[in-house]
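Student: Could you walk me through how to read a few features in this model?
Tutor: Gladly, let's take them one at a time with the structure in view.

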Amino acid sequence: MPVEITWWGHATCTVEDSGVRVLTDPLFARRLAHLRRRRGAVPPPAAAVADVALVSHLHSDHLHLPSLARLAPGTRLIVPRGAVQAVPGLRRLSALDISEVDAGDEVRVKDLRVRAVPALHDGRRLPMGPHRAPALGFVVTGEARTYFAGDTGLFDTMADAVGPVDVALLPVGGWGPYLGQGHLDAGRAAQALARIAPRSAVPVHYGTYWPIGMDGVRPHEFHAPGEEFVRQAARQAPGVAVHRLAHGESVRPETAR
């Protein structure tokens, strides 16, 4: 059965491969601190059904404890090394099967292999504390090889670190009017796409959350990244099929070479 990707908004996706459901950076909140969900409905309960959930780093829009608490008992949860010490609330999720990983580690989940890969991003839980954990991406290998980048900037060894993949889930924006270091905007994401050279790509991490009261501040940074990534990818990586999904929409991208 072909791999199927569903984008629920922000960095939250379901990857179905080999009969296994993989959930990335679960975030099911209508509001998170100063952010509100401006586009797309809050994902339905079915979105929280997964065999394994991947958390790329400790920022609260990626490691969101209330969303993780919605996962069924026994769900495998893969987090960066040091996450349990840095985020004590993870210990209260005792019904989940938590594994900590570093870049290069590989975990078997039924018929899938999940390999952690490096990301260029500040992985600390904020506000700043004494405990640190790396920011990671993940390559999920079953019938296809799917790269979930998490949050990352562009770095020189990205293609070698990720390796050959069929599908790339790449961040192309953010949740505010300005992107800090360690992020990809649409142009840099297209550069990453050209380096990684998958067969298909899905843009994520844009067009979902926005600071309360700032709807009129640089609104193009909320609305435009998906379309801009499609345009930039056509120029910089013309051999890659880009699927710009609506919230809750699914696609079965081409993976056979």
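Student: Which residue forms a salt bridge with Arg218, and how far apart are the closest N and O atoms?
Tutor: To read a salt bridge, look for a side-chain nitrogen of Lys or Arg within 4 Å of a carboxyl oxygen of Asp or Glu. In this predicted model, the partner of Arg218 is Glu221, with 2.7 Å between the closest N and O atoms. Arg218 counts as partly exposed at 31% relative accessibility, and Glu221 is also partly exposed, at 25%.

Student: How many salt bridges does the structure hold?
Tutor: There are 15. One of them pairs Arg36 with Asp215, whose closest N and O atoms are 2.5 Å apart. Arg36 sits in strand β5 and Asp215 in the loop between β15 and α5, so this bridge ties together parts that lie 179 residues apart in sequence.

Student: And where are the residues of the Glu227 and Arg244 pair?
Tutor: Their side chains meet in a salt bridge at 3.6 Å, N to O. Glu227 belongs to helix α6, while Arg244 is in the loop between β16 and β17, 17 residues away. Glu227 is exposed, with a relative accessible area of 51%, whereas Arg244 is partly exposed at 42%.

Student: Let's turn to a helix. Which residues of α4 are buried?
Tutor: Start with the general idea: an α-helix has 3.6 residues a turn, so residues three or four places apart point the same way. In α4, which spans residues 186-196, the buried set is Ala186, Gly187, Ala189, Ala190, Ala192, Leu193 and Ile196. These buried residues pack against several elements, including β12, α3, β14 and α6.

Student: Last one: is His121 buried or exposed?
Tutor: The cut-off for buried is under 20% relative accessible area. His121 has 14%, so His121 is buried. This histidine lies in the loop between β10 and β11. The side chains of His121 and His57 are joined by a polar contact of 3.4 Å. Among the other residues that His121 touches are His59, Asp151, Thr152 and His183.

Technical notes. Residues numbered from 1 in each chain as written. Predicted model: local features only at pLDDT ≥ 70, side-chain atom pairs only at ≥ 80, totals over all residues. Heavy atoms only, no water. Buried < 20%, exposed > 50% of the residue type's maximum accessible area, 1.4 Å probe, protein only. Helix = DSSP H or I, 4+ residues; strand = E, 2+ residues; numbered from the N terminus. Contact = heavy atoms within 4.5 Å. Polar contact = N/O pair within 3.5 Å; in protein donor to acceptor, adjacent residues only side chain to side chain.
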